[in-house]
Structures are given as C-alpha cells and as structure tokens.
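Good morning, colleagues. Please have the sequence and the model open, as I shall refer to individual residues throughout.

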Amino acid sequence: MKAALAVALLVGVASAEPVAIPNSKALFDVPKTWTRQPDDPALVGMWKRGTSILAVTRAQVPNLGAWIKASREAYVAEV
C-alpha cells in the first residue's frame with residue numbers, strides 16, 4: 001500500500017499517451033513532464049524526471065485456484 005501511494009505521489013496527474021500493459025486490459029498513464037527512457041524487455045516502461053526514475057513492470061501470477069479441483073468446480077458453477 002505504501003509503495004502504491006509513493007508511486008501515485010511521484011507520478012501525479014496523468015496527461016501523456018497511455019501505455020498498454022502487456023497481457024492486461026490495463027493502461028498506465030505518465031505525465032508529459034516525465035521523459036520516456038529506452039525500453040528494457042523486462043519493463044513495461046521507464047520514465048525519468050530530474051533525478052527520479054520510474055520503472056514499471058508486470059509479473060504473471062499463477063491462478064492456483066484453477067489447479068485445485070474444488071475451487072475450480074466452484075468457480076465454474078458460479079459462472
């Protein structure tokens with residue numbers, strides 16, 4: 001929670017072109033005051049403003065519930 005708040009305070013109000021996050025429906029907005037840095041394959045993007053650097057990454061998180069028969073069947077029944 002504290003990390004998300006810190007990022008929100010650093011980023012400020014979004015106004016630049018949104019960046020698509022791979023394998024997700026989410027978009028990430030960074031203000032125009034931040035300069036896009038060369039892409040790194042491990043990052044969604046990296047921006048710099050003054051001496052501050054903002055790096056955004058996305059990690060795949062396994063859906064363990066899908067592999068547990070009882071929870072998988074409960075989800076299917078719910079859907």
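Lys69 has a relative accessibility of 54%, above the 50% cut-off, and therefore counts as exposed. Please keep in mind from here on that this is a predicted model. The side chain of Lys69 forms a salt bridge with that of Glu73, with a distance of 4.0 Å from N to O. Glu73, in turn, is partly exposed, because its relative accessibility is 44%. Both residues belong to helix 2, which covers residues 69-78, and they are 4 residues apart, about one turn of the helix. How many salt bridges does the count give? The count comes to 1 salt bridge.

Let me stay with this end of the chain for a moment. Tyr75, Val76 and Val79 make a nonpolar surface patch of about 370 Å². Val79 is placed in the segment after helix 2. With a relative accessibility of 74%, Val79 counts as exposed.

I turn now to the overall layout. The chain contains 2 helices and 5 strands. In sequence order, the pattern reads α-β-β-β-β-β-α. Of the 79 residues in the chain, 15% are buried. As for contacts between residues at least 6 apart in sequence, 18% of them join residues at least 24 apart.

Three strands form an open sheet in the order 3-4-5, and the pairing is antiparallel. Which strands stand at the edges? They are strand 3, residues 35-36, and strand 5, residues 52-56; each has a single partner strand, so one side of each is left without a neighbour in the sheet. As a general point, strands of a sheet pair through backbone hydrogen bonds, in either a parallel or an antiparallel arrangement.

Let us follow the pairing across the sheet. Strand 3 pairs with strand 4, residues 45-49, in the antiparallel sense over 2 bridges. Strand 4 and strand 5 are also antiparallel, and their pairing runs over 5 bridges. We can trace two rows of residues. In one row, Thr35 has Lys48 of strand 4 as its bridge partner, and Lys48 has Ile53 of strand 5 as its bridge partner. In the other row, Arg36 stands opposite Trp47 of strand 4, and Trp47 stands opposite Leu54 of strand 5. The hairpin of strand 4 and strand 5 has 2 residues between the strands, and Gly50 in this hairpin takes a positive phi near 65°.

Which residues make up the largest nonpolar core? There are 9 of them: Val19, Ile21, Phe28, Val30, Trp34, Val44, Trp47, Leu54 and Val56. In general, nonpolar side chains in soluble globular proteins tend to be buried together.

Val56 lies in strand 5. Is Val56 buried or exposed? Its relative accessibility is 11%, below the 20% cut-off, so Val56 counts as buried. Setting aside residues up to four places away in sequence, Val56 touches Phe28, Leu43, Val44, Gly45 and Trp47. For one of these, Gly45, the separation along the sequence is 11 residues, while the C-alpha atoms of Val56 and Gly45 are 5.5 Å apart in space.

Beyond its neighbours within four places in sequence, Val44 is in contact with Val19, Ala20, Ile21, Pro22, Arg36, Val56, Thr57 and Arg58.

Finally, I would draw your attention to Pro18. Pro18 sits in the loop between helix 1, residues 2-11, and strand 1, residues 19-20. Pro18 has a relative accessible area of 38% and is therefore partly exposed. Where neighbours within four places in sequence are left out, the contacts of Pro18 are Leu27, Phe28 and Asp29. Pro18 and Phe28 are 10 residues apart along the chain, and their C-alpha atoms are separated by 5.4 Å. Phe28 also belongs to the largest nonpolar core and is touched by Val56.

Thank you for your attention.

How values were computed
Residues are numbered from 1 along each chain as its sequence is written. This is a predicted model: local features need pLDDT of at least 70, side-chain atom pairs count only at pLDDT 80 or more; totals for chains, interfaces and linings use all residues. Side-chain values use heavy atoms; hydrogens and water are left out. Two strands pair if DSSP finds at least two bridges between them. Buried means under 20% relative accessible area, exposed over 50%, partly exposed in between (1.4 Å probe, protein chains only). Contact means heavy atoms within 4.5 Å. A nonpolar core is a set of buried Ala, Val, Leu, Ile, Met, Phe, Trp, Tyr and Cys residues joined through side-chain atoms within 4.5 Å. Patches are made of residues with over 30% relative accessible area and no salt bridge: like charges are joined within 9 Å, nonpolar side chains (Val, Leu, Ile, Met, Phe, Trp, Tyr) within 5 Å. Accessible areas come from the Shrake-Rupley method with a 1.4 Å probe; for residues, only the protein chains shown count as cover.
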